[in-house]
Amino acid sequence: MHAFPPGTTATPIAIAVPPSLRLPAIEESFPRRLHPYWPRLQERTRAWLLEMRLMPADKVAEYADGLCYTDLMAGYYLGAPEEVLQAIADYSAWFFVWDDRHDRDIVHGRPVAWRLLRDRLHTALDAPADHLHHEDTLVAGFADSVRRLYAFLPGSWNARFARHFHAVIDAYDREFHNRLHGTVPGVEEYLALRRLTFAHWIWTDLLEPSAGRRFPQRVRKHPAYRRAALLSQEFAAWYNDLCSLPKEIAGDEVHNLGISLITHEGLTLEEAIAEVRRRVEECVTEFLAAEQDALRFAAALDDGTPSGRELSDAVRAAVGNMRNWFSSVYWFHHESGRYMVDSWDDRATPPYVNNEAAGEK
């Protein structure tokens with residue numbers, strides 16, 4: 001079992017994956033690759049976190065590389081131009097910091113701070129250039145990363161991205177209220193909410209600037225393309241649930257497929273883990289078939305014209321990156337300090353978060 005270390009070289013090292021989390025199909029059939037820009041990506045995102053003051057300097061120095069946020073993106077968006085991958089990686093790092101702020105606002109009972117942040121993010125999403133120097137560093141960092149993402153494709157892509165992320169912010173707000181009141185959503189309700197909080201369509205949207213073009217609706221809405229994209233994201237969300245279940249139980253979380261199964265389906269912890277794992281493995285199997293359908297669809301887009309060939313190549317690259325998402329997500333969960341709960345002094349308090357001050361403004 002080989003993955004990549006948290007340093008700045010891409011030399012494979014052995015990673016011990018716990019038997020309950022090991023997926024031989026991923027290890028054997030989804031080889032992991034990293035974008036060649038990765039070492040500089042890691043350095044520049046670390047510098048960006050400091051510049052934007054999104055994490056305290058001591059926590060950036062101690063934890064940023066080990067959290068492996070850039071590794072996750074460098075293993076996904078292969079073929080992306082360097083400036084596109086950098087913007088995506090910075091945005092992804094921001095997303096994790098935002099997720100931590102959301103968690104700390106809940107833990108410390110700060111609904112007013114959360115509502116203020118929620119409203120500011122909605123506003124900054126529609127006019128990022130107006131919020132680059134916002135007093136809340138999380139808003140300023142969001143504005144900076146979104147402004148850069150908006151520079152790559154036409155306004156129609158930007159509007160779609162904004163529409164999708166407005167829905168993500170609203171879903172985070174629903175999660176805030178669920179956790180505040182100890183409400184565990186039912187399984188189907190949870191699955192629908194998870195597609196938003198995991199930002200399924202955001203990561204899928206970002207396949208387009210990575211491929212260098214906006215995809216027309218006939219591509220994005222085509223059943224073959226959409227199913228392959230959805231399966232890649234469902235795998236990621238559910239595998240995350242499988243790996244983070246101990247962390248989330250320790251932190252009194254209510255949003256995890258396993259927790260919903262225990263609460264609403266009457267499963268034991270062991271049965272819930274087995275059911276989540278079954279769904280994860282099913283995603284892998286179903287993707288292998290969906291991938292072939294999506295590749296046939298991509299090939300059919302080549303109508304012999306230059307534009308047809310270009311679109312076909314771009315869609316084929318996007319489908320290839322959907323495949324890359326499986327291995328990148330899998331190894332990320334076993335490399336990143338974000339999931340190493342057993343090594344934390346307090347299993348409910350991640351050591352990389354600014355536990356006291358976050359969200360106080």
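This passage describes the overall fold of a predicted protein model and then a set of individual residues.

The model is predicted, so local features require pLDDT of at least 70 and side-chain atom pairs count only at pLDDT 80 or more, while totals for chains, interfaces and linings use all residues. Residues are numbered from 1 along each chain as its sequence is written, and side-chain values use heavy atoms, with hydrogens and water left out.

The secondary structure comprises 16 helices and two strands. Helices (H or I, at least four residues) and strands (E, at least two) are DSSP runs, numbered from the N terminus. The C-alpha trace spans about 60 × 50 × 40 Å along its principal axes.

Buried residues account for 57% of the 361 residues. Buried means under 20% relative accessible area, exposed over 50%, and partly exposed in between (1.4 Å probe, protein chains only). The protein exposes about 14,700 Å². Carbon and sulfur atoms supply 53% of that area. Accessible areas come from the Shrake-Rupley method with a 1.4 Å probe; for residues, only the protein chains shown count as cover.

Contacts were also examined by sequence separation. A contact means heavy atoms within 4.5 Å. Of the contacts between residues at least 6 apart in sequence, 75% join residues at least 24 apart.

There are 40 positive and 52 negative side chains. Lys and Arg count as positive and Asp and Glu as negative, whereas His and the chain ends are not counted. The centres of the two sets lie 5 Å apart. Each charge is placed at NZ of Lys, CZ of Arg, CG of Asp or CD of Glu.

Asp136 sits in the loop between helix H6 (111–126) and helix H7 (137–149). Asp136 is buried, with a relative accessible area of 4%. Its side chain makes a polar contact of 3.1 Å with the side chain of Arg101. A polar contact is a pair of N or O atoms within 3.5 Å; within protein, one must be able to donate a hydrogen and the other to accept it, and residues adjacent in sequence count only if both atoms are side-chain atoms. Beyond neighbours within four places in sequence, Asp136 contacts Arg101, Leu117 and Arg120.

Glu275 belongs to helix H15 (residues 269–300). Glu275 counts as buried because its relative accessibility is 18%. The side chains of Glu275 and Arg278 form a polar contact of 2.8 Å. Leaving aside neighbours within four places in sequence, Glu275 is in contact with Leu261 and Leu267.

Met73 lies in helix H4 (residues 69–74) and has 1% relative accessibility. Not counting residues up to four places away in sequence, Met73 touches Leu85, Ile88, Ala89, Ser92, Trp203 and Trp325. Met73 and Asn324 are 251 residues apart along the chain, yet their C-alpha atoms are separated by 9.9 Å.

Leu257 is in helix H14 (residues 257–265). Its relative accessible area is 0%, so Leu257 is buried. With residues up to four places away excluded, Leu257 touches Val187, Tyr190, Leu191, Trp238, Asp241, Val276 and Arg279.

Asn355 is placed in the segment after helix H16 (306–335). Asn355 counts as buried at 17% relative accessibility. Apart from neighbours within four places in sequence, Asn355 contacts Arg104, His108 and Thr349. Asn355 and Val139 are 216 residues apart in sequence and 18 Å apart in space, C-alpha to C-alpha.

Backbone angles were considered at two loop positions. Arg53 has a phi near 55 degrees, a positive value in a residue other than glycine. Arg53 lies in the loop between helix H2 (38–51) and helix H3 (57–67). Arg53 is exposed, with a relative accessible area of 55%. Ala199 also is not a glycine, and its phi is positive at about 65 degrees. Ala199 occupies the loop between helix H9 (187–197) and helix H10 (200–205). Ala199 is buried, with a relative accessible area of 1%.
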